[in-house]
Amino acid sequence: MRAKVLEEFKKKFGDNEGNIRVFFAPGRVNLIGEHTDYNGGHVFPCALTIGTYAVIRKRQDEIIRLYSMNFVEDGIMETTLQEVKKKQVTGWTGYPAGIVWSLFQKEFQIDKGFDVLYYGNIPNGSGLSSSASIEVVTVYALSKVFEFALPNIEIAKISQFSENQYNQVNCGIMDQFAVAMGKENQAIYLDTATLEYRYAPIRLDDEKIVIMNTNKRRELGDSKYNQRRMECQKALEMLQSVRDIQSLGELTCEEFEESKEVITDMVLRKRAKHAVYENQRTMAAVDALEEKDLVKFGQFMVESHNSLRDDYEVTGVELDTLVEETLKCNGVIGARMTGAGFGGCAVSIVKNDAVKDVIEAVGENYKKRIGYAADFYVVSVGDGPKEL
Ligand code: GLA
């Protein structure tokens with residue numbers, strides 16, 4: 001892949017002098033702990049081996065030229081350091097532009113422009129964090145090219161800052177953290193309230209992680225995402241009249257049950273219930289995995305999906321169908337939606353010798369019920385950002 005993107009860079013931007021460098025950052029899948037990261041709860045994602053490549057060369061002027069092999073129809077987009085400082089850029093270039101803007105805000109020294117080519121092999125709009133991946137690869141590449149030291153955890157924070165402030169998506173820290181801190185064959189158990197984390201080995205000798213893409217476009221996703229955040233905030237404020245807490249993640253299920261009556265609106269009560277139970281479930285699921293009880297982990301995945309379907313209401317018929325059909329198959333340890341929901345992907349753990357049959361059966365039944373095909377990816381757990 002390095003040779004391919006490098007060659008494409010030279011074709012687009014020329015092969016003149018200057019050091020051309022190639023970087024990579026992964027996508028991510030979340031195994032459990034959904035819609036908990038903005039509620040001060042736990043998440044358990046891992047980085048993938050698919051992701052975003054960035055080929056970059058510093059310039060001697062203040063021009064920034066951007067090109068994506070995924071959006072060839074856009075051609076080369078040109079801007080300047082001054083323009084990025086001042087102006088909101090939209091579309092895919094809003095992500096790298098947001099990063100440059102954020103680095104300025106944080107007073108990092110970027111005094112020259114650059115040429116950059118991107119290539120991503122994360123399916124577009126799949127909910128496997130292509131945006132966090134392009135953010136993180138951009139911060140990482142710029143930190144190397146402009147020689148400022150930045151620990152990966154800071155890269156995650158700047159990337160989230162950029163998405164919140166520049167791209168106006170009110171996401172939590174999970175995606176950027178998973179991408180920036182990924183480790184081969186390890187999932188990341190992160191407490192989003194404190195950013196304390198530890199790695200938990202994903203020892204899957206007899207199983208595979210299979211990601212299933214609904215191929216549903218997520219149109220209303222962002223507005224509904226922000227709506228869920230607000231609903232949790234309102235429920236929290238009601239609970240604060242009887243509990244001294246800063247986030248829903250501080251409550252155990254028992255404490256929630258004792259106090260839930262103060263949440264007088266039934267919809268808000270369901271949202272808060274998911275946030276509290278999902279956080280507790282994530283903690284228990286990681287314990288189960290560390291005790292090598294994969295079957296129990298799989299059961300928690302299914303409970304997580306049901307809660308996201310019934311209480312949080314972010315699944316939809318496509319994700320529900322994928323999960324339902326998957327759970328009908330032999331050799332399936334667990335399955336659930338992953339990421340924000342409203343479309344995007346589901347994740348499952350499947351016995352090696354059942355993978356082929358599961359993909360065939362679920363593919364066929366999904367198409368029959370939904371009317372168009374799903375896609376399937378058998379994935380591996382990969383590392384965080386690196387230079388190639
Ligand atoms: C999106 C957001 C994350 C997280 C998930 C839901 O992926 O970017 O911060 O909230 O949804 O768990």
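The model is predicted. Helices α9 and α10 pack at an angle of about 170°. UniProt, in an unreviewed entry, lists Ser 130 and Ser 131 among its "binding site" residues.

**N-terminal domain**
- An unreviewed UniProt entry places "domain: Galactokinase N-terminal" at residues 7-58.
- Over residues 7-58 the chain is 56% strand and 13% helix.
- The end C-alpha atoms of that stretch lie 17 Å apart.

**Helices α9 and α10**
- Helix α10 runs over residues 294-310; at 1.5 Å a residue its 17 residues should span 24 Å, and its end C-alpha atoms are 24 Å apart, so the two agree.
- Buried residues of α10 include Phe 297, Phe 300, Met 301, Ser 304 and Leu 308.
- Helix α9 covers residues 266-290, and its axis is 9 Å from that of α10.
- The angle is over 145 degrees, so α9 and α10 count as roughly antiparallel.
- On the α9 side, the contact residues include Lys 270, His 274, Glu 278 and Arg 281.
- On the α10 side, they include Phe 297, Phe 300, Ser 304 and Asp 310.
- By class, this contact has 8 nonpolar, 6 charged and 3 polar residues.

**Annotated binding site**
- The unreviewed UniProt "binding site" annotation also includes Ser 68, Gly 125 and Gly 127.
- Ser 130 sits in helix α4, residues 130-145, and is partly exposed at 30% relative accessibility.
- Beyond four places in sequence, Ser 130 touches Thr 52 and Ile 122.
- Ser 131 is also in α4; its relative accessible area is 22%, so Ser 131 is partly exposed.

Technical notes:
Residues numbered from 1 in each chain as written. Predicted model: local features only at pLDDT ≥ 70, side-chain atom pairs only at ≥ 80, totals over all residues. Heavy atoms only, no water. UniProt positions renumbered as here; feature names shortened; annotations may be inferred. Helix = DSSP H or I, 4+ residues; strand = E, 2+ residues; numbered from the N terminus. Expected span 1.5 Å × (residues − 1). Buried < 20%, exposed > 50% of the residue type's maximum accessible area, 1.4 Å probe, protein only. Axes fitted to C-alpha atoms, helices over the stretch in contact; angles between N-to-C directions. Parallel < 35°, antiparallel > 145°, perpendicular 65-115°, else oblique. Contact = heavy atoms within 4.5 Å. Nonpolar A, V, L, I, M, F, W, Y, C, P; charged D, E, K, R; others polar.
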